[in-house]
Amino acid sequence: MSAGPHCSMLLVEDDPVDLDFILRALTPHIDPDWISVARDGEEVLARVEHWERGTQPPPQLILLDLKLPGIDGLEVLRRLRRSEPGRLIPVVVLTSSDEPRDIQAAYDLGANSYVVKPINYERFLEGLHQINRYWCCINRPPS
Amino acid sequence: MESPPPPAPHGAPHRWQHPLAVVLVMAPILATTGLLDHFATAHRQELLRHSVVDRVSALRGRLEGMLQSDLLLTRALSALIASQPDLDQTAFTEIVTDLTKHQQLLRNVAAAPDLVVRMIHPLNGNEAALGLDYRNHPQQRFAALQAIESGQTVVDGPLPLIQGGVGLIARTPVFVATAQGPGTWGVVSAVIDVERLYRVSGLTAANTELRLGLRARHEHIAPPRMVFGDPEVFRLAPVTATVALPGVTWELAAIPTEGWHSSSWPSWLIRLGGIITALVTGGLLHLLLNSRQRRANSEAQLRALLDNLPDLVWLKDPHGVYLICNPRFESFFGAPEHEIVGRTDADFVAPEQARFFREKDQAALAAGRARRNDEWITFASDGHQELAETIKTPVYDGAGRLTGVLGIARNITERQRQQDEIRRLNAELESRVATRTEELAALNRELETFTYSVSHDLKAPLRGIDGYSQLLLEQHGAELSPEAATFIANIRRGVEQMRALIDDLLTYSRMERQVLTGRRVELGGVIEMVLAERHALIVERDIELEVDVSELTVRADPDGLQIILRNLVDNAIKFSRDATPRPRIRILARDQGRRVVMAISDNGIGFDMRFHDRLFEVFQRLHRAEDYPGTGVGLGIVHKAAQRMGARVWAESAPGHGATFYLELSR
């Protein structure tokens, strides 16, 4: 299975282990050049500014961890949805938390999907494969 | 200013005072009536006596007149005979006829020379009397001799006559002149018809209107002899008159037919009037005294009430002048009631306070109903202060006219103090509760942060351990001994166990923290969902499943109910693993009115009821983890969720005989 040429993706993930696993899961299907990584909220907001100014193109999918140092994932989501280019970018929340409170808050702020990271490695890989397949191959984002 | 005397003691009058007063009033009225009656009766009797006297005088006159004329006749006859001593019957008849032609009363006239009757008129019918010798007649002899001896006309009788009937005989002696001097010729007698005399004189007629008595009193003869009427009359204070005849005196006595003392209607009228007046007066006095006594009694009761009230009570007229007050009020003004009555507030308290009191009076008057206010008052008697709750009420008389303002003041110092104390304690308690609540909220927030962190931060390293173990196996499997591969597999099992534990703990903690809602949940749907999750396992284990919840709905938190059922079903599956011939799970629910009781039973290994309560505690296990893997938190979660939903959970079992878990839910 190969990724479409336009599926650019932003990973927002502070945990190096999780980041390693995610990249391992995705790179067989996506060109690594299409994947950019932000390690905290500040970094995401800096990119949002670029997108607004047009100095960088916005990604077509964002995988967002909620527990981030500094500005947390929910706050990042809130600000993203307030920015013009970030308003409609599909956001998949990928987090360890399955607290109903977090799920509710994420959807309230405009998340498109909420996925709890499995602890079992195979299930984790499988989940990411399905995310990629659905959001990058099946789903049609607004252009 | 002259102080009025203190009020007289309010004793009830003696029991006998009241009837005595009534008697004292009635007695003179009755006495006056008696007196009036007496005078009236006396006056009436006087009049009566006068009329009787008039009648008796008339009767006497007529009687005397008639008798005298007859006596005159016999005297005239005597004089005629004296002049013609030798007259015979014929001459006698001639003379007598001439003399008596106007006489009605004379029955006969007889002449008896030498006391032997020789001539008589009328002769016809009286022949029997001729030849009668008075000297030989026992009754007439004395009278005839008496007439001759006295030389006067003598009246005798009434007596029964020889000729029959009753007569009065007047005998007149006749004397003639002889050579020897005056000589006795004989006697002339005239018989007067007494019956007739009575009738003609009016005596008979009068006897029907009066009670008459007539008796004759002869000279030398006593006692008098009744001749007519009723002898009783003489003993009844009669009106009397005498008819004096020669030789006899007639006494006529008369009383009214009814007697002197007969009652008459004016007398009855006076007596009746007097009695009625006395009764009415006595009755009115009785009513008056009664009502006065009742009023006095009720006043005494009111006074006792007033004197013993713990409140200050007073009454002022509409102008603020005191009319009455009780002892408690006296101690406020520091003056006895008789000094307070007639004065105003300004005479006892500072002008400012007097003005305040007056304003409150007027406020009540203006409102036309009771007005209440609280004020601090200082008692003039000993200077102590009280917080008084004062109620002022306008007072009206029976006709709706304003008569004054009634004041009642109650000491609420202690009540106020207690209320203040309660308020202070409440405020303190509230602030303490608020502090505690704040502390608790802070703890909860910390706990939430902690569990949130656990959820993220404990899981991430586990994922790393699991992932890298797998990667090691995948990418370096060829370099590892079979034992090393086993180790890696054990590491990954440990990770799985750890994951389950963390998930259960998070669930438990969520059950504790989260607000569980009560919604209508269809029991069948929830059970179906839980069983669907476990479908593969149920098929794999060949479990016999029986579900009957007959479309019941309960009131529960859907998440909480799901967690409970999932744990109970998981337990049933887990512990019936080795049941023979095959595992069996039954899920039944029964409607018990306001509650629904669910039973989830299996035919598994069961447990000893001694451990029933420990069963529902966190981390309590009754079996070894190798035999029946689990976190030891499941039933803790069930218990916690049930507790938070207002449900109840319990179990029944015996080792080797399966277990039944009951869940009682509200409808």
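**Exercise 1. The cysteines of chain A**

Is C7(A) buried or exposed, and what is its relative accessible area? Then work out its bonding partner and the handedness of the link.

*Solution.* Keep in mind that this is a predicted model.

Step 1: Start with the accessible area. C7(A) has a relative accessible area of 8%. Buried means under 20%, so C7(A) is buried.

Step 2: Look for a partner. The sulfur of C7(A) sits 2.1 Å from the sulfur of C136(A). A disulfide needs two cysteine sulfur atoms within 2.5 Å, so C7(A) and C136(A) are joined by one. Over all chains, the count comes to one disulfide.

Step 3: Check how far apart the partners are along the chain. C7(A) belongs to the segment before strand 1 (9-12) of chain A, while C136(A) is in helix 5 (residues 121-138) of chain A. They are 129 residues apart, and the pair links distant parts of the chain.

Step 4: Get the handedness. The torsion about the S-S bond of C7(A) and C136(A) is about -50°, so this disulfide is left-handed.

Step 5: Finish with the surroundings. C136(A) has 12% relative accessibility and counts as buried too. C137(A) is in no disulfide: its nearest cysteine sulfur belongs to C136(A) and is 6.2 Å away. At a relative accessible area of 32%, C137(A) is partly exposed.

**Exercise 2. Finding your way around chain B**

Which domains does the domain assignment give for chain B, and how far apart are the C-alpha centres of domain 1 and domain 3?

*Solution.* 

Step 1: Write down the bounds. The assignment gives domain 1 (46-256), domain 2 (309-411), domain 3 (427-513) and domain 4 (516-666).

Step 2: Take the centres. Those of domain 1 of chain B and domain 3 of chain B lie 176 Å apart.

Step 3: An unreviewed UniProt entry places the feature "domain: PAC" at residues 372-424 of chain B. Over that stretch the chain is 23% helix and 55% strand, with its end C-alpha atoms 25 Å apart.

**Exercise 3. A nonpolar patch**

Which residues form a nonpolar patch with about 490 Å² of accessible area together?

*Solution.* 

Step 1: Name the members. They are L272(B), I276(B), V280(B), L284(B) and L287(B), and the patch is on the surface.

Step 2: Zoom in on one of them. V280(B) is in helix 6 (residues 265-308) of chain B. Its relative accessible area is 46%, so V280(B) is partly exposed.

Step 3: Contrast that with a cysteine of chain B. C325(B) has a relative accessible area of 0%, so C325(B) is buried.

Methods. Residues numbered from 1 in each chain as written. Chains lettered and ligands numbered in written order. Predicted model: local features only at pLDDT ≥ 70, side-chain atom pairs only at ≥ 80, totals over all residues. Heavy atoms only, no water. Domains from an automatic or database assignment. UniProt positions renumbered as here; feature names shortened; annotations may be inferred. Helix = DSSP H or I, 4+ residues; strand = E, 2+ residues; numbered from the N terminus. Buried < 20%, exposed > 50% of the residue type's maximum accessible area, 1.4 Å probe, protein only. Patch = residues over 30% accessible without salt bridge, like charges linked within 9 Å, V, L, I, M, F, W, Y side chains within 5 Å. Areas by Shrake-Rupley, 256 points an atom, 1.4 Å probe, with all protein chains shown as cover. Salt bridge = Lys/Arg side-chain N within 4 Å of Asp/Glu carboxyl O.
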